[in-house]
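Please look over the sequence and the model shown here before reading the report that follows.

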Amino acid sequence: MRVVTFNVKFSPNLGDGVIAECLEAELARRLTCININALDLAGRTDRDRRAKAGGRVLALKALQAMPSILRDVLVEVVLRFRLKRKCRPIWRNALRDADLAIVGGGQLIQDGDLNFPVKLSIVASECRRNNVPIALFGVGVAEGHSSRGAALMSSLLHADQLVFAGVRDTESARRLRRRGVKGVIVTPDPGLLASQVWPLPDRPHRERPVVGVGITHPVVLQHHGQGQSDGPTIVELYRSLVRELLASGYDVTCFSNGAREDQACLDNVVGSIDAAGDRLTRAADCKTPQELAQLVGSFDAVIAHRLHACILAYSYGVVHVGLNWDPKLAAFFANVGRSRYLVDFNSETVRTLPVLLNSARAEPICDVQHERVLALTNASIDRLALLLKRKARPRLLEHGESVLHTMRLSKVSS
């Protein structure tokens, strides 16, 4: 079986790599004869660490300063030129003998800057050209804001080749159904299986619990988030959070998900806090998704903006508090029944976060709920494997509600 995956596997944000590698590992475990060709939507073939953080920060700031119409036109023209030369020939060749194309992992169904709509419309075009069935799997779906983005994305969402529509949470399912896609089911994020793919021994008992604080650059939060503070305020809030945790008896390790701009902000935060001694440490930069997963799994608790820091914490049974900035976090915390532990990031909540963290540690992740979430994630990948097992090239299925019964992921008691 020849499968082509389209995602952002080689993004500097290692959370995207976690999704891709967990899905590949679990498919390979179920289908020993499978051959998976992972294609990064940006044309990357590895995690190049040489680029500087400042370039992306400046690019995001420049996009934010442009009128939306000019930004969309510029992005589409530049992307189409780059993809025509760099990606399209490779994608066309990979799809020539493929049995299935899987579009999955991350918040791909969104029209911010027309980035993903342009790329995914080209994926749909190449799949149509080669008559390759398409499966959406574990994708996040954002609210649409652009008529051009909706038109481009429609070429994928309403393609005759679309045989499977799986999204990572119930809110994404609602949004995709509103776009007229039939047969949508919930297929949770494959990153939830990180503890299954990369198991860890039990965490040691420590004299003082270690809290992993995930640092995200303010420009990312402002570009993709809603109602975020200015950059200096966000950095100062991180510093205040670390000080509050130290004063409350926790040791703190600050880390990032790997994006270079996040690492630069991480250096700024940790380097500006004096007199913490060895109770405050900066985690070494992770180079692979496995390193990130196992770092998060080693903490006693996690506080972070990044969705996959929270998903990894959940997978390993590490209590976590999410810092709200994007609706995708609310959808995840609701699905696993822990919405109480998603809070806005402001001076008032920073002062009370140690108390909330104490409550989270007193109410650890429910074993029954955890088993159900991971069971649904495994069952979703089972269904994808069954799609492949039916035929070498699965016939195009009629759009209809799936027979997969997705269990209700409301909070349950153990």
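Which residue of β11 does alanine 301 stand opposite? Alanine 301 stands opposite valine 319 in β11. This is a predicted model, in which local features need pLDDT of at least 70 and side-chain atom pairs count only at pLDDT 80 or more, while totals for chains, interfaces and linings use all residues. Residues are numbered from 1 along each chain as its sequence is written, and side-chain values use heavy atoms, with hydrogens and water left out.

**The open sheet**

Helices (H or I, at least four residues) and strands (E, at least two) are DSSP runs, numbered from the N terminus. An open sheet of six strands runs in the order β9-β8-β7-β10-β11-β12, with parallel pairing, where two strands pair if DSSP finds at least two bridges between them. The edges are formed by β9 (280–282) and β12 (342–344), each of which has a single partner strand, so one side of each is left without a neighbour in the sheet. On average, and with direction ignored, neighbouring strands of this sheet are turned by 20° against each other.

| Strand pair | Sense | Bridges |
|---|---|---|
| β7 and β8 (residues 251–255) | parallel | five bridges |
| β7 and β10 | parallel | three bridges |
| β10 (residues 301–304) and β11 (residues 319–324) | parallel | four bridges |

Within these pairings, valine 210 has aspartate 251 as its bridge partner in β8, and glycine 212 has valine 302 as its bridge partner in β10.

How many of the five residues of β7 are buried? Five of the five are buried, so β7 is largely enclosed by the rest of the structure; buried here means under 20% relative accessible area, with exposed over 50% and partly exposed in between, using a 1.4 Å probe and protein chains only. Val210, Gly212 and Gly214 point one way from β7, whereas Val211 and Val213 point the other way.

**Helices**

Helix α15 (residues 347–362) lies across β7 (210–214), β10, β11 and β12, and runs at about 150° to β11. Such angles run from 0 to 180 degrees between N-to-C directions, and the axes are lines fitted to C-alpha atoms, for helices over the stretch in contact.

Elsewhere, the axes of helix α5 (residues 115–130) and helix α6 (residues 147–157) come within 7 Å and cross at roughly 30°. The two helices are therefore roughly parallel to each other, a class that takes angles under 35 degrees, with those over 145 counted as roughly antiparallel, 65 to 115 as roughly perpendicular and the rest as oblique. Phe116, Pro117, Val118, Leu120, Ser121 and Ala124 in α5 meet Gly149, Leu152, Met153, Ser155 and Leu156 in α6, contact meaning heavy atoms within 4.5 Å.

**Two buried positions**

Asparagine 257 lies in the loop between β8 and α11 (260–271), and with a relative accessible area of 3% it is buried. Leaving aside neighbours within four places in sequence, asparagine 257 is in contact with Pro12, Asn13, Leu14, Gly15, Leu292, Arg306, His308 and Ala309.

Alanine 293 is found in helix α12 (residues 289–298) and, at 0% relative accessibility, likewise counts as buried. Not counting residues up to four places away in sequence, alanine 293 touches Ala194, Trp198, Leu312 and Tyr316. Alanine 293 and valine 197 are 96 residues apart in sequence, yet 9.9 Å apart in space, C-alpha to C-alpha.
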